[in-house]
Amino acid sequence: MQITISYMAVLQQVIFIVLLAGVSWLVYRRANLIRRTILIGKNEDRTDEPGKRLATMLRVAFGQKKMFDRPLIGFLHFAVYIGFILINIEVLEIVLDGILGTHRIFAPTLGGFYLYLIGFFEILAFGVLTACVIFLIRRSGVKVERFQPERHREMNGWPQLDGKIILVFEIVLMLAILTMNAADSVLQEMGNPHYAQTGSFVISQFFKPLFTGWNENTLVIYERFAWWLHIAGIFAFAVYLTYSKHLHIVLAFPNTYYSRLSPKGKMNNMPEITSEVKVMLGLENQNTESVVPERFGAKDVMDLSWKNLMDAYSCTECGRCTEACPANITGKKLSPRKIMMDTRDRLEDVGRNMQANGGEFVPDNKALIGDYILEEEILACTTCNACVQECPVLINPLDIILQLRRYKVMDEAQAPGSWNMMFQNLDTNQAPWKFSPADRFNWAEGVK
Amino acid sequence: MDQEVYKVPTMAEMAASNETPEVLFWVGCAGSFDDRYKRVTVAFVKILNKAKVKFAVLGTEESCTGDPARRAGNEFTFQMLAMSNIQVLDMYGVKKIVTACPHCFNTLKNEYPELGGNYEVLHHSEYLQQLIDEGRVRPENGETFKGKKVTFHDSCYLGRANDIYEAPRHVLEALDADLTEMKRSKVKGLCCGAGGGQMFKEPEKGRKDINIERIEEALATGADTIAVACPFCMIMMTDGLKNKEKEDSVKIFDIAELVAQANGL
């Protein structure tokens, strides 16, 4: 009997180590692919003013400042966030136990403090559980407008399901850890020598009645089952999140750090055009070495900057941008969230393409504008910056829209007729309307 | 009543008499050509005269800043206009600019430096606030706004684009107006629908026009005056008001016009 148990224990250890190594490899491979697809974007320096950047990251990502614009949701989200970060400390113990075949390896060293530590984690776990249940009800029952696929076509299918899967995942993980602790406490009370005496924990003690009448063996099996469910769930979640909108839990930090520091109204300059304009105005001589860019603006993801692409992976599809977008509010096709989701979808396709072709992207006759984002969408933007203002992780959908417009207008010379009229007026009259420049000062007659 | 004589000196005149103005008033295309906004230009010029500000305008030497071209995606036209404006501004040695148009303001302030044009740029809401704070302008001899319900519509290019929310409100408060906020204001302010080149084309297909959505919100405050600080917002909101057939009971004014009215100008 004794031999069987230790054999079982060693087998568990082996399975655990194989699982851990496998998951680490999968996550590493995925992270590497994401990194490589972000880096197919154009270079853009976002390393200036590190102090200011760090402060932004601490305030917005670490401190979740923008989430608290809506205090109740902000608080619930904070509960999930803080729970997630701190419960990971407990995962360290679980991983060590798994590798070494120990049980609650920190309990002897930490002594009486261990009870409080696990108790603290249980309170956090309960917070996560409560918040996720509320979020799931909000998503499914209460009908929050910005999550409804009937109203927002980008939420159809997978995105809507993804949002719910994540919440169910977290609920299952929290229930696993709480019932595991409860079963553990019952086993302690039975005097099972394997279960070190720590005493009952603050939340899971209320789950103990679930196990009344269970015999020791069944309890051990359940405790092991819950332990495995919890850790295997975490492993599965780690892999899953790299494919999911949930990637924001990692990328929110770098994404806020590298966010724009300039005023929102400022558009990025195109220096490649400046030299040409200078030549046209006779301010500079034709520089024979000046390189004509192969493309003006952005047609596809590789024409965007790496930060635009990181933005796309950081989007958690909450839809606050779209909810604030004047074009979307009034029923236009534009949805800033869809701009970000389309950019990511394109990136995922490019990533798969790269994987299938030995790391190199092979052109597939598709482009971000046209195949993913429609011209009608980018034309509807008023550049009001409401989407940029709303994003809790400082994503800038407007920057992408404007680069796509530059491509349509300058590279394809496809602008609405009335815009072409406006351009023509600007070129000939230096005003967007058809007025003679000589009449520009006529208003002064009204001053008398 | 003695007729005040208002002056509108141009930079060329100033340069000819070897004078340097305190500030250049950048009028902008709407301020120069749009019949409604020309009245705002005139009101602001009267205030500058009253406050004895030594200012000048470029007159026919001014061109569009290029903002609508840039937002619509036409960087060539933008840079052509920007470069020639910078040439003119630098030729006159301009250091400080005030403008009543948030789009001109944003472009001059944030986008000209990269093209070599560096100036101190103020929006007229900031400038009016300064004049009021310095006591150079105070509401007197004019219409009283005490107890009048006024709502302020934030311009995107002033608000979110440049984080200016308080200056126009301070100006309105200085008039003793009863400032009522719309449901969406300041950082949450809803666009009038004109930015990003929309002013110059038909909107895309949708359920509703943006300016209608916004005017409904403004009317819901019960204010009888809607204050704006942007020529595009002025046009869009006025159209919205006409659509709602409320032009008789509700008026739309630029903050400069309200200050001028309070001063009997």
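Val150(B) stands opposite Thr225(B) in strand S7 of chain B, in a predicted model. Residue numbers start from 1 along each chain as its sequence is written, with chains lettered from A and ligands numbered from 1 in the order in which they are written. Because the model is predicted, local features need pLDDT of at least 70 and side-chain atom pairs count only at pLDDT 80 or more, while totals for chains, interfaces and linings use all residues.

Helices (H or I, at least four residues) and strands (E, at least two) are DSSP runs numbered from the N terminus, and two strands pair if DSSP finds at least two bridges between them. In chain B, an open sheet of four strands has the order S6-S5-S7-S8, with parallel pairing. Strand S6 (178-180) and strand S8 (251-254) of chain B each have a single partner strand and stand at the edges, so one side of each is left without a neighbour in the sheet. From one strand to the next, the twist averages 35°; axes are lines fitted to C-alpha atoms, for helices over the stretch in contact, and angles run from 0 to 180 degrees between N-to-C directions. Helix H8 (residues 166-174) of chain B packs on this sheet and touches S5, S6 and S7 of chain B, its direction making about 170° with that of S5(B). Contact between two residues requires that their C-beta atoms, placed from the backbone, lie within 7 Å. Helix H10 (residues 231-243) of chain B lies across S7 and S8 of chain B and runs at about 175° to S8(B).

Another open sheet of four strands in chain B has the order S2-S1-S3-S4, with parallel pairing. Its edge strands are S2 (55-56) and S4 (120-123) of chain B, each of which pairs on one side only. Strand S1 (residues 23-26) and strand S3 (residues 96-99) of chain B are joined by three bridges in the parallel sense, and Trp26(B) stands opposite Thr99(B) in S3(B). Helix H6 (residues 102-111) of chain B packs on the sheet, touching S1, S3 and S4 of chain B, with its direction at about 160° to that of S4(B). Helix H7 (residues 124-133) of chain B also packs there, touching S3 and S4 of chain B, and its direction makes about 85° with that of S4(B).

H6(B) is mostly covered, nine of its ten residues being buried. A residue is buried if 20 or more other C-beta atoms lie within 10 Å of its own, exposed if 12 or fewer, and partly exposed in between, with C-beta atoms placed from the backbone. Among the buried residues of H6(B) are His103(B), Phe105(B), Leu108(B) and Glu111(B). The buried residues of this helix pack against S1, H2, H4, S3, S4 and H10 of chain B.

Chain B contains eleven helices and eight strands, and 58% of its 265 residues count as buried. Domain 1 (11-129) and domain 2 (140-262) divide chain B, the bounds coming from an automatic or database domain assignment. The centres of the two domains, taken over C-alpha atoms, are separated by 22 Å. In chain B, 27 residues of domain 1 are in contact with 27 residues of domain 2. On the domain 1 side of this contact, H2, H3, H4, H6 and H7 of chain B each supply at least two residues, and the largest share, eight residues, comes from H3(B). The residues of that side divide into 13 nonpolar, eight polar and six charged; Ala, Val, Leu, Ile, Met, Phe, Trp, Tyr, Cys and Pro count as nonpolar, Asp, Glu, Lys and Arg as charged, and the others, Gly among them, as polar.

The contact between the chains takes 58 residues from chain B and 56 residues from chain A. On the side of chain B that touches chain A, the elements that give two or more residues are helices H2 (28-33), H3 (35-50), H4 (67-72), H5 (75-91), H6 and H9 (210-220) of chain B. H5(B) gives the most, with eight residues. That side of chain B divides into 24 nonpolar, 19 polar and 15 charged residues.
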